[in-house]
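Hello,

Here is the structure I promised to pass on. Please have a look at it first, and then read my notes below.

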Amino acid sequence: MQVLMFGWEFPPHNSGGLGVACHGIVEGLIHNGQQVHLVLPKVTPEMQQFDSKAFKLLNAHESGGTVNAVKLSSTLYSPYATMESYRTFLESIKKNSSAPQLYGSNLMDEVYRYASQAAMYAAEVPHDIIHSHDWLTTEAGIQAKKLSGKPHVMHVHATEFDRCGENPNQQVYDMERRGMEHANRVIAVSDFTKQMLVKNYGIPAHKIDVVHNAVKPEFTQYQKTHSLNEDDQIVLFLGRMTMQKGPDYFLQMAKKVLETNQNVKFVMAGDGDMMEQVISMSVDLGIERNVLFSGFLKGDEVARAYQSADLYVMPSVSEPFGIAPLEAIRNGAPVLISKQSGVSEVVKNALRVDFWDIDEMANQALAVLQYPALQQTLMERSMVEVEKMTWVDRAKDIINSYKRALAPA
Amino acid sequence: MNHYNKTICFYFQVHQPYRLAKRRVFDEHEQDYFEGPTNYENQKIFEKVAHKCYLPTNALMLELLEKHPDFKISYSLSGVFLEQCLEYGEVGKSVLDSFKKLFATGRVEVLSETYYHSLSWLYSKEEFAHQIKKHADLVFKLFKKKPTVFRNTELIYNNEIAEFIREMGFKGILAEGWDHYLEWRSPNHLHNPKLAELHSEDQRIAKENRIRKTLPKDFTLLLKNYKLSDDIAFRFSNQGWSEWPLTTDKYAAWLNAADGETINLFMDYETFGEHQWEDTGIFDFLRHLPEYAYKHQIGFKTPSETIKAYDSVGEVDVPHLMSWADMERDLSAWLSNPLQESALKRVFDLEHEIKSNLTKLSDEIVHDWRRLQTSDHFYYMCTKYWNDGDVHAYFSPYDSPYEAYITFMNTLTDFEEKVTEKIKRSNVDSMHVAIENLRVRLREVGSEYKTKSLKS
């Protein structure tokens, strides 16, 4: 099968989740004998990481024309994770790359410009199926389908409700919904997300296929080293400091744990719009001596943070999937994750709590710190589980979703 | 009575654990440890199983016993199950009464086991023997019966256990008829265990805890016919099974076709009504089984009668621990990961402290310690089923083995603190008594001295 895929970002130029997942999906599809034409807002040579016969990178700007993308009216927007984090993303790309500017400074304009240019490829590139990702590229998918008449599969990695809670940006919400309604099939990254699409977007459940994310196999040297007091155990939070990730619940849990066990340091890695609030909250709770902020971690530092941790906690309020716990596991940390996450559907050997159940979260964290057998068993069994999750297998489910989209209705 | 071609030996296991209450590290002392994860859960489960299984099945068994003068069955009832009968009001009482009626027919045998349905054999022979005696006492108190045939928790068995049980004075023991050890032999004959030599200390313990003065002449091994047992216990309602639906007629023909003189059908009593629901037809199947068996000249015997009626055909050597659980027939359901190992070790590590301070601890505390030994707690911690995704094999009140472990360890930690505090308090108390005694003595000596010096 030939796949015309509309992507938004791709390693090495990615801000996180979406680019990594897109890379995994492409890799899995290629291993299963599919050909992928991936259209991106901007292409650089480093992105070509696969056999060029099976994988073609196309620059949206060079499609040689435009179509009229349907613009949905709106007065205000703060999309991406937030508008602020989009700016941070742009800055980091500028700093880390000699490539010309890849993305427009106004996200919504760029989304529409991308859609109108990228869709043109549908008239040139041979393909059997169209695959778009999230609201960012789904308009391109809709327009491409108009040109070629091929079925469109929309892949939902996150929704506006995950990013903004109960106050979604109307314009983004409308684009998500329009994409799903137009699409022949919808792929959700978890059952958690599927339920959300049914409930908040009115998409019929039978139209949605769940395909969980995987992790790329990678050999890591497991080593527990840190410069903190040897007797102290470490509980790690690693993620953006935003409402969605629940850093405030993490601190409340920390307070409860410290009431029983004082030899624990809580390391919070990452930054985001809640950073100041989180810092002052740690002071208000009177636990600032035991809470350490490491800021945003890159590359090796991330692996080291996981390796130093006695427990990784992901207290997310709403997490469509959540790849971080899988990375923590691969680096030898047992994980405690919120039930409000897609990843809790695929890792059995993890501790699970409702993000709001502080007492239970503290209880489970204390147990891991207190009972070595628990730590050891979680670590060993979850590692085995994660090793079995491959994109090659997940891509088979994606191909099945394609087949359903291709089947006559 | 010898007109039968062969006989069926029915044995049913009846057990309910005391599931632990949810417990967090920072919870206060002194709550009831054994309520079940949610309020009164143990009682609710007991009542549910009573209505689905114990009461209707006992009624049916009584009906069959009344209808067929030659029908025989046997049970083992764990001590913690019997305790729940005594504890849980009207329902508990009617369950117990229905068992009393069955035993009163004289054609229902009660077997011996460890009171707490524990894995004590693996950790402490003294505990093991103690719990067997304690169970026998309760059974005698309730039913006026003295068990003479033993079955260990989950049919855990090897040569050594057999020898220990023989040394305690039993006539026989039950075990799984697993091909691995039977090889070409059939479980449908009586066998003897291969003689094992006990450690002298273990032998002393067994002798000290004898249930009778002189040992029986023979000691017999009854082996479960797992194929024919599991046809009822596991496969009965499985519509994917090529033999489904299993009619009484067909099953009786299989029994007839089987070799040997005894077919030992050992199973969980909850097979009737709980594992196989009433609408699967399990009760009707059972109701008609005796008459179809009689058609083929197949009769029924209790374990004791079976042992008495037939001769052993040879020896079976089981050097390693075997159970009736899962495909593996080993201990992996209770003891295959670090969670289970650490939890079991810690609960039995308390033995010395508890036993050397028995006078300082209440009976209740000692009883709690033993209830923490019940095998189910460790079964819930098994990650084997969890990883295989085999939810059917995973009967647990917990969301995960990890939750089961956390609850158990938090309870055990609290319990350990309680024990230490009680011992300390009692030591302080006795020190106070000693000081007071000294004071009194000093006063006496003082006044004696005064009188003496006044006299002189």
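Two strands count as paired if DSSP finds at least two bridges between them. Please keep in mind that this is a predicted model.

With that in hand, take strands β4 (residues 129–133) and β5 (residues 152–156) of chain A, which pair in the parallel sense over four bridges. Ile130(A) has His152(A) of β5(A) as its bridge partner.

Both strands belong to an open sheet of seven strands in chain A, with parallel pairing and the order β3-β2-β1-β4-β5-β6-β7. Its edge strands are β3 (55–59) and β7 (208–210) of chain A, each pairing on one side only. On average, neighbouring strands are turned by 25° against each other, direction ignored.

Helix α1 (residues 17–31) of chain A packs on this sheet and touches β1, β2, β3 and β4 of chain A. Helix α4(A) also packs on the sheet, touching β1, β4 and β5 of chain A, and its direction makes about 155° with that of β4(A).

α4 (residues 134–148) of chain A has a helix partner too: its axis and that of α3 (residues 107–118) of chain A come within 8 Å and cross at roughly 30°. Angles under 35 degrees count as roughly parallel, so α3(A) is roughly parallel to α4(A). The contact residues include Val111(A) and Tyr114(A) of α3(A), and Leu136(A) and Gln143(A) of α4(A). By class, this contact has six nonpolar, two polar and one charged residues.

Finally, the two chains: 15 residues of chain B are in contact with 16 residues of chain A. On the chain B side, α17(B) gives the most, with five residues.

Best wishes

Notes: Residues are numbered from 1 along each chain as its sequence is written. Chains are lettered from A and ligands numbered from 1 in the order in which they are written. This is a predicted model: local features need pLDDT of at least 70, side-chain atom pairs count only at pLDDT 80 or more; totals for chains, interfaces and linings use all residues. Axes are lines fitted to C-alpha atoms, for helices over the stretch in contact, and angles run from 0 to 180 degrees between N-to-C directions. Helices (H or I, at least four residues) and strands (E, at least two) are DSSP runs, numbered from the N terminus. Angles under 35 degrees count as roughly parallel, over 145 as roughly antiparallel, 65 to 115 as roughly perpendicular and the rest as oblique. Two residues are in contact if their C-beta atoms, placed from the backbone, lie within 7 Å. Ala, Val, Leu, Ile, Met, Phe, Trp, Tyr, Cys and Pro count as nonpolar, Asp, Glu, Lys and Arg as charged, and the others, Gly among them, as polar.
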